[in-house]
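Subject: Structure handover

Hello,

Please find the structure below. My notes on it follow, starting with a question and its answer.

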Amino acid sequence: MTTAQMWEQDPYLENLKESDSETYFDYLNSLVSDLDSARVLISYKFTPQQILEAVAKKHPVLRVGILQHTNCPNELVAWAIKEATEETISALTSSPLSISGDDFATIWAKCDIAQRVALTSRLDCPTDLLMDTWNSDFSEDSLFENNREIAFTNIAGNPNIPKKLIVELMKYPLDSLLDGQLTIGQLLIQNSGVSDETKALLALRGVEKRVVEAEIDVQRLIYRWPSNHVYEARNIQQKYRDLFSSMAHPESILDTRENLTEKKYDAKTVLQYWITDSNKRIYKCLWPDLAENPQVNFFYSGSSWEGDHAYIGIVGDLDLTDEEFKNKIHGTEAWITSSNTLSFDEVVEEISGRGFVDILESEPTEEILISAAISERANDGLFSITDKGKQYIHDAGNDWFDDDITFVAEAKPDPSQKVWSKLDTNRQKAIFNVIQSALDDKSEENYKFAEYLGALLALNPSISQEVRLQLEKAPSDLTKKALHV
Amino acid sequence: MAKDELLALAQRIHGLMGQLAEDEELYYDDIASELGGEDELQMALLATAIVEGLIEPTEALIPILQEIEENLKGIVKA
């Protein structure tokens with residue numbers, strides 16, 4: 001099973017389908033009426049056709065979206081062809097459903113040149129239409145609309161490519177980059193409609209296969225699980241939340257409104273869920289208690305390069321900068337606050353971090369350059385800085401530094417999430433068991449995130465002696481080190 | 001050197017810097033090149049900091065500033 005396949009299936013909903021088909025359909029049907037809930041249904045790859053039919057009937061506005069679903073009812077394809085608006089043609093072009101030759105011809109007749117070219121990207125586009133596209137008039141092309149190049153790309157990669165066009169395409173430089181990723185040669189050599197003899201010829205001319213791997217957006221896949229929606233849309237009946245909670249859905253561990261189950265939570269799923277959780281519950285749960293530990297500092301970094309983000313820093317040599325620890329919360333969060341003003345010492349630190357030369361080369365104001373000269377020479381014994389000088393440097397720095405700056409921040413408990421120290425023992429145990437299970441499996445994809453969470457617990461002054469002892473035994477150097485900060 | 005003499009030296013450097021910037025239309029990086037480097041530019045800027053009362057200089061700064069003044073005079077003359 002690929003990573004995409006693993007995360008695109010909602011394990012809780014699919015388990016329900018296996019164990020209790022009637023309740024499964026009841027739940028899905030309960031989502032049909034509300035527009036937002038219906039959107040969840042059409043974005044989930046495994047929603048059955050009969051549910052999609054109900055959504056299409058109830059929400060005409062979602063029909064175009066349903067055309068992108070593999071279980072789209074055939075009647076909707078017929079409807080889209082009949083409508084033949086720009087929107088329905090575009091939806092048909094990218095629809096995963098196969099389209100018959102006759103339907104293609106009907107759509108084709110209603111398309112403009114750009115839409116016809118787009119249709120050739122479909123792998124079931126008939127050979128004669130590929131030929132027609134090749135012979136189209138591209139004289140209206142411009143710098144902003146290069147239909148000819150798009151047609152070349154689509155035809156070169158299409159298994160129904162006419163033999164004649166293979167010969168034509170091979171007259172062009174094979175290393176011409178077409179779609180920004182693959183060359184004419186690479187598109188042809190990877191095309192199943194091109195003969196082995198031609199591929200051998202392409203190889204002789206130096207063409208090599210190059211697979212462009214699509215990036216898997218795990219967060220988006222998990223976000224689409226219909227079982228999550230029951231916790232987000234609070235108007236859905238509580239019995240469904242109870243149902244998924246009893247199946248050890250990750251949301252039921254941290255959200256104290258939900259029932260914790262005695263079943264074992266799947267560490268792999270829960271960890272991935274916590275990473276992708278837009279509510280940042282695990283951070284809201286584990287960070288605020290750390291304010292009681294004098295060795296822990298919170299920072300907020302404003303950066304157009306990395307994106308604005310908050311993180312924790314530990315006094316000493318406990319290094320949490322590895323990206324895989326996920327010691328970052330991107331964007332602004334109401335529960336994380338910072339003064340957004342640099343102190344005198346922070347301005348001096350920013351100047352020192354960039355250096356005088358860097359500032360000199362960035363079209364500085366006179367004030368920041370003088371401030372940089374003073375702060376760079378402050379330890380040479382040539383002068384002392386007056387109070388007026390400190391204020392001058394403070395003001396100059398706050399005027400000048402508007403990017404890539406870090407402020408001291410505070411993390412306070414968020415009303416939507418109880419912090420660890422306020423959770424009951426059972427929930428604390430459930431969280432700890434997830435972390436411990438992940439730490440026991442070094443092959444776990446998110447092992448480092450588990451280590452990070454273990455370290456957060458180790459730094460939490462409110463943990464029990466029992467948890468402390470178990471963390472001592474955990475197979476993680478980071479966690480052990482954190483216990484002795 | 002008395003405190004007021006040091007201030008006068010700093011003011012002269014500050015004036016020469018202003019002359020280079022306004023009359024000669026030199027940017028700070030040009031002045032750094034003319035003076036011999038970023039270290040020298042930093043020292044010249046410290047003269048402005050003295051004039052503005054941002055720093056309290058020690059005697060160790062005097063010979064450095066005197067040398068900067070001579071360099072600046074040479075650049076202005078040229």
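Which residues does A:Val270 touch, not counting residues up to four places away in sequence? They are A:Pro250, A:Ile253, A:Tyr265 and A:Val434; two residues are taken to be in contact if their C-beta atoms, placed from the backbone, lie within 7 Å.

Some conventions before the rest. This is a predicted model, in which local features need pLDDT of at least 70 and side-chain atom pairs count only at pLDDT 80 or more, while totals for chains, interfaces and linings use all residues. Residues are numbered from 1 along each chain as its sequence is written, and chains are lettered from A and ligands numbered from 1 in the order in which they are written.

Confidence

The predictor gives an ipTM of 0.95 and a pTM of 0.76 for the complex. Chain B has a mean pLDDT of 90, with 99% of its residues at 70 or more; pLDDT is the predictor's confidence in each residue, from 0 to 100.

Chain A is assigned domain 1 (38-204), domain 2 (218-289 + 419-483) and domain 3 (299-411), with bounds that come from an automatic or database domain assignment. Between the C-alpha centres of domain 1 of chain A and domain 2 of chain A there are 43 Å.

The largest nonpolar core has 50 residues. A nonpolar core here is a set of buried Ala, Val, Leu, Ile, Met, Phe, Trp, Tyr and Cys residues joined through C-beta atoms within 7 Å. A residue is buried if 20 or more other C-beta atoms lie within 10 Å of its own, exposed if 12 or fewer, and partly exposed in between, with C-beta atoms placed from the backbone. The members that touch the most others are A:Val270, A:Leu271, A:Leu286, A:Val434, A:Ile435, A:Leu453 and A:Leu456. Helix α27 (residues 447-459) of chain A provides the largest share of this core, nine residues. Domain 2 (218-289 + 419-483) and domain 3 (299-411) of chain A each contribute at least three residues to this core. Helices (H or I, at least four residues) and strands (E, at least two) are DSSP runs, numbered from the N terminus.

Elsewhere in chain A, helix α12 (residues 147-156) is mostly covered, with eight of its ten residues buried. The buried residues of α12(A), among them A:Ile150, A:Phe152 and A:Ile155, pack against α10 (113-119), α11 (127-134), α13 (163-169) and α14 (184-189) of chain A. A:Lys82, in helix α7 (residues 74-83) of chain A, is exposed because it has 10 other C-beta atoms within 10 Å.

The sheet in chain A

Five strands of chain A form an open sheet in the order β3-β2-β1-β6-β4, with antiparallel pairing. Because β3 (329-330) and β4 (336-338) of chain A stand at the edges with a single partner strand each, one side of each is left without a neighbour in the sheet. Strands pair if DSSP finds at least two bridges between them.

- β1 (residues 296-302) and β2 (residues 309-314) of chain A run antiparallel and are joined by six bridges. A:Asn297 has A:Gly313 as its bridge partner, A:Phe298 stands opposite A:Ile312, and A:Ser301 stands opposite A:His309.
- β1(A) and β2(A) form a hairpin with six residues between them, and A:Gly307 in the turn has a positive phi of about 90°.
- β2(A) and β3(A) run antiparallel and are joined by two bridges, with A:His309 opposite A:His330.
- β1(A) also pairs with strand β6 (residues 405-411) of chain A, antiparallel, over five bridges; A:Phe299 stands opposite A:Val408 there.

The contact between the chains

The contact takes 17 residues from chain B and 19 residues from chain A. On the side of chain B that touches chain A, α2 (28-35), α3 (38-51) and β1 (55-57) of chain B supply at least two residues each. The most come from α3(B), with six residues. By class, this side of chain B has ten nonpolar, four polar and three charged residues. Ala, Val, Leu, Ile, Met, Phe, Trp, Tyr, Cys and Pro count as nonpolar, Asp, Glu, Lys and Arg as charged, and the others, Gly among them, as polar.

Strand pairing also links the chains: strand β5 (residues 383-385) of chain A and β1(B) run antiparallel and are joined by three bridges. A:Ser384 has B:Glu56 as its bridge partner in β1(B).

Regards
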